[in-house]
Amino acid sequence: ILEDVTAKDLSSDLELFSIQGIAASKQLANLMPLPSLDGGISRVDGQEVYALRSDRTGRGGWDIWAPAELGKAFRDAFPPIGEKATEIARLEAGIPTYPADFGAKTLPPELGPAFERAHISYNKGCYTGQEIIARAHFRGTVKRRMFRFEAPCTAPAPGTKILSKGETAGEVVMAASEVTGCELLAVISLAASEAVLSLESNDTP
């Protein structure tokens, strides 16, 4: 279906609020009617807001674009949790982001089973990159994947090697420290995915 559309920059008129967590829908429904589908237009104090279901932390949530004058109402209802807490929640859920955790040369199936289930179709036809993705899937040519780990240490730097029996099995792509250690995402060779792994510093994920 082809449609005539006009693009307009609304960044100065709208603010983006991402409401995340298992209670996001319930709490947000106290402020505005939620769309019956995964996205739609709602109203707060008579003004239009745009809602899109968006799971950024593995616990469900919504992205809301609201007029700037409604910003106080949303901040009062949903105090910001801070960038560090957001990053820890994302890593706990094993959700990768571009370009922090992967780049243009990464095959989507390498981003792990959860990403694969949510974002890749092996039945839909005719999309850019389909042939490469289908070949990797059906011929089993994916040799490494991204996994989520916990480690009882401070967050290692991206690029830190992960070892199996003294040999390189993969590397850290992103990590964040928390009270009991750290959460991290790492790309690991599938051949070593069930082996005992350790960080290059000998701390064990």
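User: In this predicted model, is lysine 165 buried or exposed?
Analyst: The relative accessible area of lysine 165 is 83%. The cut-off for exposed is over 50%, so lysine 165 counts as exposed.

User: Where does lysine 165 lie, and what is its phi?
Analyst: Lysine 165 sits in the loop that links β6 (161-164) and β7 (167-178). The residue is not a glycine, yet its phi is positive, at about 55°.

User: What kind of peptide bond joins tyrosine 98 and proline 99?
Analyst: Proline 99 is located in the loop between α3 (83-92) and α4 (113-119). Omega for the bond from tyrosine 98 to proline 99 is about 0°, and the bond is cis.

User: Which strands stand at the edges of the open sheet of 5 strands?
Analyst: The strand order is β5-β8-β7-β6-β9, with antiparallel pairing. An edge strand here has a single partner, so one side of it is left without a neighbour in the sheet. The edge strands are β5 (144-151) and β9 (198-199).

User: How many bridges join β5 to β8, and what is the angle between the directions of α3 and β7?
Analyst: β5 and β8 (residues 181-189) run antiparallel and are joined by 8 bridges. Glutamate 150 stands opposite glutamate 183 in β8. Helix α3 packs on this sheet, touching β5, β7 and β8. The direction of α3 makes an angle with that of β7 of about 140°.

Methods:
Residues numbered from 1 in each chain as written. Predicted model: local features only at pLDDT ≥ 70, side-chain atom pairs only at ≥ 80, totals over all residues. Heavy atoms only, no water. Helix = DSSP H or I, 4+ residues; strand = E, 2+ residues; numbered from the N terminus. Buried < 20%, exposed > 50% of the residue type's maximum accessible area, 1.4 Å probe, protein only. Pairing = 2+ DSSP bridges. Contact = heavy atoms within 4.5 Å. Axes fitted to C-alpha atoms, helices over the stretch in contact; angles between N-to-C directions.
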